[in-house]
Amino acid sequence: MYVLHAGAGRAAVVREALERTGHSVATVGGGTLWQVHVHTATPPAPSPAPRR
């Protein structure tokens, strides 16, 4: 779980990437602040590095 500071478009891209590597994916928030959560059997794998 982590906090993502990005717009809605970037949050959607992160969610799509996480859906390819895990399950029970959630990106909730709005504006430029999002909470990101994913369940996975390989924890280091699904962490797309958010762009700053």
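**Note on the sheet, helix and core**

1. Valine 3 stands opposite glutamine 35 in E3, and E1 and E3, which run antiparallel, are joined by three bridges; helices (H or I, at least four residues) and strands (E, at least two) are DSSP runs, numbered from the N terminus.

2. The model is a predicted one, in which local features need pLDDT of at least 70 and side-chain atom pairs count only at pLDDT 80 or more, while totals for chains, interfaces and linings use all residues. Residues are numbered from 1 along each chain as its sequence is written, and side-chain values use heavy atoms, with hydrogens and water left out.

3. Three strands make up an open sheet with antiparallel pairing, in the order E1-E3-E2, where two strands pair if DSSP finds at least two bridges between them. Strand E1 (2–4) and strand E2 (23–30) are the edge strands, each pairing on one side only.

4. H1 lies across E1, E2 and E3 and runs at about 170 degrees to E2; axes are lines fitted to C-alpha atoms, for helices over the stretch in contact (heavy atoms within 4.5 Å), and angles run from 0 to 180 degrees between N-to-C directions.

5. The largest nonpolar core has eight residues, among them Leu4, Val14, Leu18 and Trp34; such a core is a set of buried (under 20% relative accessible area, 1.4 Å probe, protein chains only) Ala, Val, Leu, Ile, Met, Phe, Trp, Tyr and Cys residues joined through side-chain atoms within 4.5 Å. Helix H1 (8–19) and strand E3 (33–39) each supply at least two residues of this core, and the largest share, three residues, comes from H1.

Conventions:
Buried means under 20% relative accessible area, exposed over 50%, partly exposed in between (1.4 Å probe, protein chains only).
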